[in-house]
Amino acid sequence: MTRLAVIGIGSPFGGDRIAWSLIERLQHSRFASAGGMSFEVSDRPGPALLERLSGAERAILIDAVAGADEPAAWYAEDAFARLSAPLSGHAIGLAETLDLGRALGDLPALELLGLRLQPDGSAGPRACAAGLRLLIRRLRNLSG
């Protein structure tokens, strides 16, 4: 069983790739060899996200958000869904997937990290750096 699953969500292209960049950095960090943690990316998973969350005790989901005040921040689920929803071109987005998982009683404890996109949809370096700092601080607290 994975104690902690850290999943970067988004497209592998353009600014939406920002969560993928953050996960790639973590895959080469000391946390990658820590037991019980997994780091992966998921290309607009929709309901398939529930399979990835299955078996995890806790999960951190990272996604690009639009219209956020901070370059990177932790969000409550409702605020996260509101900021990330405009980016989804899918009928079943993250909010709907989490609702489905909750209805099935199959969600681990969740934390949601949003990385702000620029108004033109690009990812600025400040968002990735700020997100990495927040995530490393959180991983240290969880592993310590």
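Two strands are taken to pair if DSSP finds at least two bridges between them, and it is in this sense that strand β3 (residues 58–65) and strand β5 (residues 109–116) pair, in the parallel sense and over eight bridges. Within this predicted model, isoleucine 62 stands opposite leucine 113 in β5. The points below set this pair of strands in its sheet, and then turn to the helices.

**The sheet**

- The sheet is open and has five strands, which follow the order β2-β1-β3-β5-β4 with mixed pairing.
- Its edge strands are β2 (37–43) and β4 (72–75), each of which pairs on one side only, and the twist from one strand to the next averages 20°.
- Strands of a sheet pair through backbone hydrogen bonds, and they do so either parallel or antiparallel.

**Helix α5 and its contact with α1**

- Helix α5 (residues 125–143) lies across β1 (4–10), β2, β3, β4 and β5, and the direction in which α5 runs is at about 160° to β5.
- The crossing in which α1 passes α5 is right-handed.
- On the α1 side the contact is made by Ile18, Ser21, Leu22, Arg25 and Leu26, while α5 contributes Ala127, Cys128, Gly131, Leu132, Leu135, Ile136 and Leu139.
- Divided by class, the residues of the contact of α1 with α5 comprise nine nonpolar, two polar and one charged.

**Helix α3 and its surroundings**

- Helix α3 (residues 77–84) and helix α4 (residues 94–103) pack at an angle of about 145°, and their axes lie 9 Å apart.
- Glu77, Phe80 and Ala81 make this contact from α3, and Leu94, Ala95, Leu98, Asp99 and Arg102 make it from α4.
- By class, the contact of α3 with α4 has five nonpolar residues and three charged residues, with no polar residues.
- The buried residues in α3 are Ala79, Phe80, Ala81, Leu83 and Ser84, and these buried residues pack against β3, β4, α4 and β5.

How values were computed. Residues numbered from 1 in each chain as written. Predicted model: local features only at pLDDT ≥ 70, side-chain atom pairs only at ≥ 80, totals over all residues. Heavy atoms only, no water. Axes fitted to C-alpha atoms, helices over the stretch in contact; angles between N-to-C directions. Helix = DSSP H or I, 4+ residues; strand = E, 2+ residues; numbered from the N terminus. Contact = heavy atoms within 4.5 Å. Nonpolar A, V, L, I, M, F, W, Y, C, P; charged D, E, K, R; others polar. Buried < 20%, exposed > 50% of the residue type's maximum accessible area, 1.4 Å probe, protein only. Left-handed = near helix turned anticlockwise from the far one by under 90°.
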